[in-house]
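Colleague: I'm new to this one, so can we walk through it together? Please put it up on the screen.
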Amino acid sequence: MLTHSACEGPLPNTFRALWDEIAPVGRDAGSGGYLRYALTEPELRLREWFRDQADARGMPVQQDGNGNLFAWWGDPAAGGAVLTGSHFDSVPHGGGYDGPLGIVSAFLAVDELRAAGTTPPRPVVVAAFVEEEGARFGVPCLGSRLLTGAIDADRAAGLRDQAGVSFADALGARPAGADPALLGRFAAFVELHVEQGRALVDTDAPVAVASAIWPHGRWRFDFTGEGNHAGTTRMADRRDPMLTYAFTVLAANKEARLRDAHATVGRVSVEPNATNAIPSRVTGWLDARAAEAETLDGLVEAVRAKATERAGRDGTALTCTRESTTPLVAFDGGLARRLVELLDAPTLPTGAGHDAGVLAAHLPTAMLFVRNPTGVSHSPAESATDADCAAGVTALARVLEELACR
């Protein structure tokens, strides 16, 4: 079990002391990245660390029926609570800051408010949402989608990882689904996150306020053909789904560039996955994002149409399945302007999805970004300086004070 540390000393040192407690958990020695899949041993260790940190601060922890954790500073029955926090899970070999920075910063922001003698009249709640990345069960922001009813509990229960383990089995129970009573206790949500880009380097600001999240989604492309021998099957006789898949990847790249959008095929599954065998099935996952919903729809339809036409020429078949979509999220304008004025911070849009994007449909929501000097995310090269992280803690503390005390 990880231990908690006393929160003493200058903020940069405090941040590093707390950060160093979780930094080794789930880190791959080869890549330097993290393998913190939802409800696996590394993420479960971090969830225990979350409970330890909450206990050290006298913050009772509530686990909803969907795998989300909530640590309360103040009376849960008081109403009007200000929610903050993020997630622990990572993409395969991802960076350490994406998600955990928001949780560590939230606990430290509570410490800063307490050190200043602040006792908010409204509760402050630190959250750890489950399966935000969707790297294990395929649906991003699964915990916040379940809480808000954006995904059906039965569908979520049946989601399976690559080993065939269902989300319900990993959770230890069927997810409870939408919880209007719990959601109704929250008056606002503020998620602090590492910047996923490098705009703040150019503006020379350590912290920014989010303006919007691009529409985005995931689509599964299943290409089927005829498995056969690589050495004895004539080229003219082949029905090779790998060819259709390869064409689709190039088509997605072209169509995204034509629309000033983003398209990525970063995951592929091949059957039988043998060097000397023509595949019988190839499955690829398309991640597509754009500034407007119409552009996103046009991009995905163009890719699907080109893939279908190519499948006809290759003698293969295609099934395209939408796995998840998130519409444009324009964060609460009044709240964003209030935070920009409070922090004297710039605003940034983002193409990345977050639990804040799901919760924004149900309560006033905002995001803070902490400068990432490399601009790289979902990679071991993701980074932030201790000084900037400390600035993020101070900014979050000011925001929590503004929302919970004013």
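Colleague: What is the mean pLDDT of the chain?
Modeller: The mean is 93, and 97% of the residues reach 70 or more. pLDDT is the predictor's confidence in each residue, from 0 to 100. This is a predicted model, where local features need pLDDT of at least 70 and side-chain atom pairs count only at pLDDT 80 or more, while totals for chains, interfaces and linings use all residues. Residues are numbered from 1 along each chain as its sequence is written, and side-chain values use heavy atoms, with hydrogens and water left out.

Colleague: Where does pLDDT stay under 50?
Modeller: Over residues 1-12. The model has 31 contacts beyond four places in sequence for that stretch, a contact being heavy atoms within 4.5 Å.

Colleague: OK, on to the inside. How many residues has the largest nonpolar core?
Modeller: There are 54, and Phe50, Leu101, Phe107 and Leu368 have the most contacts inside that core. A nonpolar core is a set of buried Ala, Val, Leu, Ile, Met, Phe, Trp, Tyr and Cys residues joined through side-chain atoms within 4.5 Å. Buried means under 20% relative accessible area, exposed means over 50%, and partly exposed is in between (1.4 Å probe, protein chains only). As a general point, nonpolar side chains tend to be buried together in soluble globular proteins.

Colleague: Take Phe107, then. Which residues is Phe107 in contact with?
Modeller: Leaving out neighbours within four places in sequence, Phe107 contacts Trp49, Phe50, Gln53, Ala54, Arg57, Met59, Ala71 and Val126. There's also a second, separate core of 25 residues, which includes Val125, Phe129, Ala210 and Val329.

Colleague: Now pockets. How much space lies in the largest pocket?
Modeller: About 1200 Å³. The search uses a 1 Å grid over the protein atoms alone: a pocket is an open set of points with protein on both sides within 12 Å along at least five of seven lines, and a cavity is a set of points where a 1.4 Å probe fits but cannot get out. Lining residues have an atom within 4 Å of a point. Grid points are joined across faces, edges and corners, and a volume is the space filled by probe spheres set on the points.

Colleague: You mentioned His378. Where is His378 found?
Modeller: In the loop between β15 (365-370) and α13 (386-405). His378 is partly exposed, with a relative accessible area of 38%. Its phi is near 55°, a positive value in a residue other than glycine.

Colleague: And the second largest pocket, what lines it by class?
Modeller: Four nonpolar, two polar and seven charged residues. For these classes, Ala, Val, Leu, Ile, Met, Phe, Trp, Tyr, Cys and Pro count as nonpolar, Asp, Glu, Lys and Arg as charged, and the others, Gly among them, as polar. The second largest pocket holds about 180 Å³ of space, and Phe137, Gly138, Arg160, Arg267 and Glu323 lie nearest its centre.

Colleague: Switching to the backbone, which peptide bond is cis?
Modeller: The one from Glu271 to Pro272 is cis, with omega near 5°. Pro272 sits in the loop between β9 and β10 (277-278).

Conventions: Helices (H or I, at least four residues) and strands (E, at least two) are DSSP runs, numbered from the N terminus.
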